[in-house]
Amino acid sequence: MDIDGQVEEAARRVQVRFVTKLKPPFKAPPTSIAIPSNLTRLGLSSIVNNLLKAGKDDWNPEPFDFLIDGELVRMSLDEFLLAKGISAEKILEIEYIRAVAPRKHEEPSLHNDWVSAVDSSNSKFVLTGCYDSLGRIWKAAGSCTHLLEGHTGAVTSVCVVNPRVAQDGADQIVATASKDRTLRLWKFDADEPSDQIKRIRAYKILHGHNAAVQSVAANPAGDMVCSGSWDCQIALWQASDSDTGDVVSVKKRKKDAEEEDPQVEEEAKSTLVGHTQCVSSVVWPQDEAIYSASWDHSIRRWDVELGKDSLNLYCDKVINCLDVGGEGSALIAAGGSDPILRIWDPRKPGTSAPVYQFSSHSSWISTCKWHEKSRFHVLSASYDGKVMLWDLRTAWPLAVIDTHNDKVLCADWWKGESVVSGGADLKLCISSDVCVL
């Protein structure tokens with residue numbers, strides 16, 4: 001079979017066979033065909049769509065990506081084969097996958113100030129933090145169900161606390177961190193139907209930092225949270241209900257009558273000391289280990305039981321964000337005061353040097369986040385106003401999401417197939433139908 005495509009007649013041809021792990025209707029015939037060797041990804045995608053739509057009148061063209069020997073093709077076939085030293089004399093097997101790029105953008109959800117933090121690890125809702133001192137729960141784009149009231153400064157970080165053993169009907173717990181030097185824990189019913197926004201107050205206030213709190217994360221067990229602050233310390237707190245704190249009463253108005261709203265105030269269970277500047281980001285991926293990033297140019301892994309760092313990576317830039325995931329849930333992604341997303345593999349000897357560096361942004365990186373179910377995919381957000389989706393198998397971004405018109409301050413994956421992001425343009429944006437798996 002010979003397919004010309006819209007290319008020059010003189011182009012050299014190679015014999016290829018398109019293969020895929022996708023299920024019907026995305027399986028092309030397994031026969032080999034001759035195609036021009038100067039085709040790029042778009043040309044290859046056009047050919048596969050032509051093969052797939054044969055006999056299907058209602059076929060909608062689908063963007064595809066292509067892998068040869070496990071590496072994504074981001075140049076012409078000719079250039080790729082030459083760069084990799086692959087012979088064009090034999091039949092070339094090309095695997096195609098659905099392109100990782102959003103196919104739909106929801107209407108933005110507006111806030112009153114900068115959207116500084118987002119956590120969408122729970123498929124039922126998106127949690128945001130804002131510079132107007134409020135947290136918000138969103139069930140969908142434009143549908144805010146809860147306001148979290150109580151902070152007296154900008155909310156800088158948020159996290160969903162997921163107890164490992166959740167009881168049926170149990171309230172969802174979330175945590176927020178703020179420039180007011182406190183953290184707060186909140187409970188709400190994620191399944192409760194609501195036709196109006198419900199205002200809730202924290203059930204626990206966590207005191208102990210003596211400067212703005214910059215980051216908060218929960219452990220996998222869901223009974224502890226940790227926080228990083230401008231006081232250079234990491235504090236560990238009890239998230240589960242306990243009677244060890246001091247109970248205070250906060251007056252709230254309800255139906256024109258003042259009512260006592262009890263809240264528990266607690267201090268930190270322990271602190272981790274070692275950073276010399278702001279602890280800008282913390283993650284707690286395993287119960288026994290916390291990872292932190294700092295403006296002191298270091299990334300550290302802490303042994304929770306011993307209270308000491310067991311890994312100390314140095315970067316020559318201020319670090320704003322980090323996340324742990326990828327292969328073996330062991331790769332460390334971080335971004336900071338330059339446009340480069342860096343990834344380390346601490347399992348390898350000589351881990352001081354990143355194993356991957358991605359440099360398509362044009363300003364500081366504010367957020368990075370691994371996809372929960374893929375060892376290849378990670379996103380980054382930047383002050384350049386863009387969110388980029390990356391695959392470790394290529395140096396170029398798979399997709400650039402430019403729904404913001406100002407700095408992007410936070411981003412996360414949602415439901416495995418959407419990207420949510422917030423920025424200085426006061427918007428929470430949701431880009432959906434991103435085919436990662």
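Predicted model: local features only at pLDDT ≥ 70, side-chain atom pairs only at ≥ 80, totals over all residues.
**Contacts, overall form and one lysine**

Student: How many helices and how many strands does the protein have?

Tutor: Both kinds of element occur in the protein. The count is 2 helices and 37 strands.

Student: What radius of gyration does the protein have, and why does it agree with a compact globule?

Tutor: The chain has 437 residues, and a compact globule of that length would have a radius of gyration near 22 Å. The value for the protein agrees with this. The C-alpha atoms fill a box of roughly 80 × 55 × 40 Å along the principal axes. The radius of gyration is 24 Å.

Student: What percentage of the 437 residues is buried?

Tutor: A residue is buried when its relative accessible area is under 20%. Across the 437 residues, the buried ones make up 54%.

Student: Is K84 exposed or only partly exposed?

Tutor: K84 lies in helix α2, residues 77-84. Exposed requires over 50% and buried under 20%. The relative accessibility of K84 is 41%, so K84 counts as partly exposed.

Student: What distance separates the C-alpha atoms of K84 and K348?

Tutor: K84 and K348 are 264 residues apart along the chain.

Terms used:
Residues numbered from 1 in each chain as written. Heavy atoms only, no water. Helix = DSSP H or I, 4+ residues; strand = E, 2+ residues; numbered from the N terminus. Rg over C-alpha atoms; globule rule 2.2 N^0.38 Å. Buried < 20%, exposed > 50% of the residue type's maximum accessible area, 1.4 Å probe, protein only.
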